[in-house]
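Hi,

Here is the structure I promised to pass on.

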Amino acid sequence: MKLRVKLTIFAIILGVLMIPAFFILQTFGVFQKETVLSDYALAVDVNGKSYGAGPLINSYAAMDKEEDNRQFYYRIDMSHIQYLFNLAYQEYEVKPGGDNPYLAGTVNYQHTDHNYVQTERKYENANEFTTVLNLYDQDGQVIYSYDNTGKGDKQLVQSIIHQGMSRNSGGSSEAARDPYINITALFRDKLNIDVKLMVDEEHKVVTIRMNKSEAR
């Protein structure tokens with residue numbers, strides 16, 4: 001058998017084997033720059049100490065893999081995003097203690113008159129509508145709107161794979177993708193709040209630090 005034929009057969013076999021390998025790597029988010037924080041505890045920085053940020057959920061949060069200018073993301077289709085606004089406006093109190101030795105306590109979010117996340121129906125006709133998610137600042141002004149399609153909007157919302165998870169669709173399995181909004185960019189540009197992440201790989205804690213932006 002000629003060498004060219006052997007190489008062709010080898011290339012075909014390799015190509016066939018790479019298809020499932022590509023799917024497996026995609027499912028684990030190898031080809032994206034973000035990672036979902038399901039392996040970390042999510043915390044908030046208060047006076048240099050980390051407090052548990054629940055009911056914010058780690059599997060609904062994501063960050064850039066690269067440390068330089070690391071961005072923070074959260075599922076925009078989840079009502080928990082309200083608590084991030086509470087953190088930005090310091091509408092919370094801390095409860096020291098607890099049984100977790102790697103956290104100084106927990107955060108209790110205060111009930112306020114502000115509803116920072118609201119949904120509305122956008123009717124195309126009397127029978128068809130789409131759902132729009134509106135995000136508001138403390139003055140009640142809309143700072144961002146998202147058509148709830150479950151996909152990215154080519155602006156602040158992007159589709160991020162939850163590594164290691166897949167979903168069945170139409171009889172086939174595909175990587176689990178969900179819409180996450182870039183909280184770092186949103187709060188910086190719309191609320192004048194800087195959002196930084198401190199990642200403790202040893203103890204598996206990602207701590208959110210929010211501060212008023214310095215004058216630019």
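Leu84 touches Leu56, Phe72, Tyr74, Ile183, Phe187, Ile208 and Met210, leaving aside residues up to four places away in sequence; contact here means heavy atoms within 4.5 Å. Before you go further: this is a predicted model, where local features need pLDDT of at least 70 and side-chain atom pairs count only at pLDDT 80 or more, while totals for chains, interfaces and linings use all residues. Numbering runs from 1 along each chain as its sequence is written, and side-chain values use heavy atoms, with hydrogens and water left out.

Back to Leu84. Along with Phe72, Ile181 and Phe187, Leu84 touches the most other members of the largest nonpolar core, which has 42 residues. (A nonpolar core is a set of buried Ala, Val, Leu, Ile, Met, Phe, Trp, Tyr and Cys residues joined through side-chain atoms within 4.5 Å. Buried means under 20% relative accessible area, exposed over 50%, and partly exposed in between, using a 1.4 Å probe and protein chains only.) There is also a second, separate core of 5 residues, with Val36, Ala62, Ile160 and Tyr180 among them. In soluble globular proteins, nonpolar side chains tend to be buried together.

Next, the rings. I have 6 aromatic pairs for you; rings of Phe, Tyr and Trp (its six-membered ring) pair if their centres lie within 6.5 Å, and planes under 30 degrees apart count as stacked, over 60 as edge-to-face and the rest as tilted. Take Tyr89 and Tyr116: their ring centres are 5.4 Å apart and their planes at 25 degrees, so this pair is stacked. Tyr89 sits in the loop between helix H2 (81-88) and strand E6 (92-96), and Tyr116 in the loop between strand E7 (105-109) and strand E8 (117-123), so the pair ties together parts that are 27 residues apart in sequence. (Helices, H or I with at least four residues, and strands, E with at least two, are DSSP runs numbered from the N terminus.) Tyr89 is partly exposed at 21% relative accessibility, whereas Tyr116 is buried at 0%. Ring pairs also link Phe85, Tyr89, Tyr116 and Phe187 into a cluster.

Most residues other than glycine have a negative phi, and most peptide bonds are trans. The Gly54 to Pro55 bond, however, is cis, with omega near 10 degrees, and Pro55 lies in the loop between strand E3 (49-52) and strand E4 (61-64). Asn47 is not a glycine, yet has a positive phi of about 55 degrees. Asn47 is exposed, at 77% relative accessibility.

Cheers
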